[in-house]
Amino acid sequence: MRKSLSRRDWFKSTLALTAGVTLTSALTEHLMAAPMSEAERAYFDFGISATQKVRLNSNENPYGPSEKAKKAVIESLSRGNRYAFNELEELKKMIAGKEGVDASFVLIGAGSGELLVQTGIAYGLEGGRVLSAYPTFPLLMNYAQEMKATWDKVDLTEKLEHNYEALASAIKSDTRLVFSCNPNNPTGTVVSDAIVRGFCQEASKKTLVYADEAYLEFLELGQQESMVSLVQNNPNVVVSKTFSKIYGLAGLRIGYLVGHPDTLKKIAQYGDTISPSQTAIAAAKASLGDEDFMKLTREKNSIARKVLTDYLDQKKIFYGKSMTNVVLFPAPKDGKKILSQLDERGFLIRIWDYQGKEWCRVSIGTLDEMKNFVKAFDEAIA
Ligand SMILES: Cc1ncc(COP(=O)(O)O)c(C=O)c1O
């Protein structure tokens, strides 16, 4: 019997045909949110029964969706037989209003991941180079690489922050795109608005700047400086945001890109015209700009994060100064052993490889989860 095509196989073969490029089996891994470390490869068969575990491995929001979003999702179910053409347009207008741009400057996707993939394909197909700090969220660059581009990586500073000066110097004549992630994943670190803005303005004279702001709303209200204000008169800056993080809608899959209509057109040609579902759109409409819920997430997250950073301070383990729901620190012992010992105790985290070392990436859960986690972690590294 003919083995049915998986979505990944379909994706590979379709792209291979249309793009005329060789796609390696590594693409499967690229569909994940982050690169797999050697420790993870060795430890996990990726079909792990993650459901029973405390998931400190995906930077999710343990408090979402908000009650308003849940109610809206339930109400939207009766429209589940209809394509969400009108609802999508309504959401687009709401987002445009919030961001201070015309609706033609907004592209909505099934998660910002979908938009990162589309951008990676659109620019990667041109060949040349894509540039980013490393480690960062690699999805766009992975796809660009799978097309025809080379990925240039610039190390973080010693404080695990983006090194924008080094990034600016690394732009070459054939750099098609620079990916800037502020706050960054996997570190949660933030670089000041003035530096990022200056970088975006200068770099965009030479290449497209993709500013990923998935975690921006974890910063206090006065500090959430978005690069969206650059987009109006500059087709070489795009900014992506997501409902997955501060709004807690990761499983519903919805995010958006703000950019010049011509730039969005180039990116949108590699996606469906209507990918988010009625339920996702309804949840997003109910969540957008919900300051009460965002404040609740921010406050609970920073209290729970302190449990982890206090523990790391006490153990004298260095970490990046995270302002979000994720912390990165050097693994105090073999990554594979940490993963297995934590798994036995009911916790999932990620191990990243960087500069020949292993690093623990721990997402912030609830206060109780973090209190239990530090105990389990302490046993695991004993
Ligand atoms: C920096 C960054 N950007 C984008 C995403 C993609 O999120 P989503 O596709 O859920 O919007 C993530 C997910 O972890 C992320 O960390």
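How are helix 6 and helix 10 oriented relative to each other, and which term describes that: roughly parallel or roughly perpendicular? Keep that in mind while we get set up.

This is a predicted model, so select with its confidence rules in mind: local features need pLDDT of at least 70, side-chain atom pairs count only at pLDDT 80 or more, and totals for chains, interfaces and linings use all residues. Residues are numbered from 1 along each chain as its sequence is written, and side-chain values use heavy atoms, with hydrogens and water left out.

**Stop 1: helices 6 and 10**

Select residues 112–124 for helix 6 and 261–268 for helix 10. Helices (H or I, at least four residues) and strands (E, at least two) are DSSP runs, numbered from the N terminus. The two axes are 8 Å apart and the packing angle is about 90°. Axes here are lines fitted to C-alpha atoms, for helices over the stretch in contact, and angles run from 0 to 180 degrees between N-to-C directions. Helix 6 and helix 10 are therefore roughly perpendicular; angles under 35 degrees count as roughly parallel, over 145 as roughly antiparallel, 65 to 115 as roughly perpendicular and the rest as oblique.

Now show side chains. From helix 6, L115, Q118, T119, A122 and Y123 meet T263, K266, I267 and A268 of helix 10, where contact means heavy atoms within 4.5 Å. By class, this contact has five nonpolar residues, three polar and one charged. Ala, Val, Leu, Ile, Met, Phe, Trp, Tyr, Cys and Pro count as nonpolar, Asp, Glu, Lys and Arg as charged, and the others, Gly among them, as polar.

**Stop 2: helices 5 and 11**

Next, pick residues 85–99 (helix 5) and 278–287 (helix 11), whose axes come within 10 Å and cross at roughly 30°. That makes helix 5 roughly parallel to helix 11. Their crossing is left-handed: the near helix is turned anticlockwise from the far one by less than a right angle, while clockwise would be right-handed. Helix 5 brings E87, L88, E90, L91 and M94 to the contact, and helix 11 brings Q278, I281, A284 and K285. The classes here are five nonpolar, one polar and three charged.

**Stop 3: helices 13 and 14**

Move on to helix 13, residues 335–344; its axis comes within 9 Å of that of helix 14, with a crossing of roughly 130°. Helix 13 and helix 14 are therefore oblique to each other, and the crossing is right-handed. Look for I338, Q341 and L342 of helix 13 against F373, A376, F377, E379, A380 and I381 of helix 14. Seven nonpolar residues, one polar and one charged make up this contact.

Leaving aside residues up to four places away in sequence, I381 touches Y311, P332, K333 and I338. I381 and I338 are 43 residues apart in sequence, yet their C-alpha atoms are 6.7 Å apart.

**Stop 4: the ligand**

Centre on the ligand. It is surrounded by 14 residues, the closest being N185, D212, Y215, T242 and S244 (near means a heavy atom within 4 Å). Oxygen atoms of the ligand lie 2.5 Å from a side-chain N or O atom of S244, 2.8 Å from one of K245 and 2.7 Å from a polar side-chain atom of R253.

Stay with R253, in the loop between strand 7 (237–242) and strand 8 (255–258). Its phi is near 65°, a positive value in a residue other than glycine.

**Stop 5: two cis peptide bonds**

Most residues other than glycine have a negative phi, and most peptide bonds are trans. G64 and P65 are joined by a cis bond with omega of about -15°, and P65 sits in the loop between strand 1 (54–55) and helix 4 (67–76). Finally, select Y134 and P135: the bond between them is cis, with omega near 5°. P135 is in the loop between strand 3 (129–134) and helix 7 (139–147).

Methods
A polar contact is a pair of N or O atoms within 3.5 Å; within protein, one must be able to donate a hydrogen and the other to accept it, and residues adjacent in sequence count only if both atoms are side-chain atoms.
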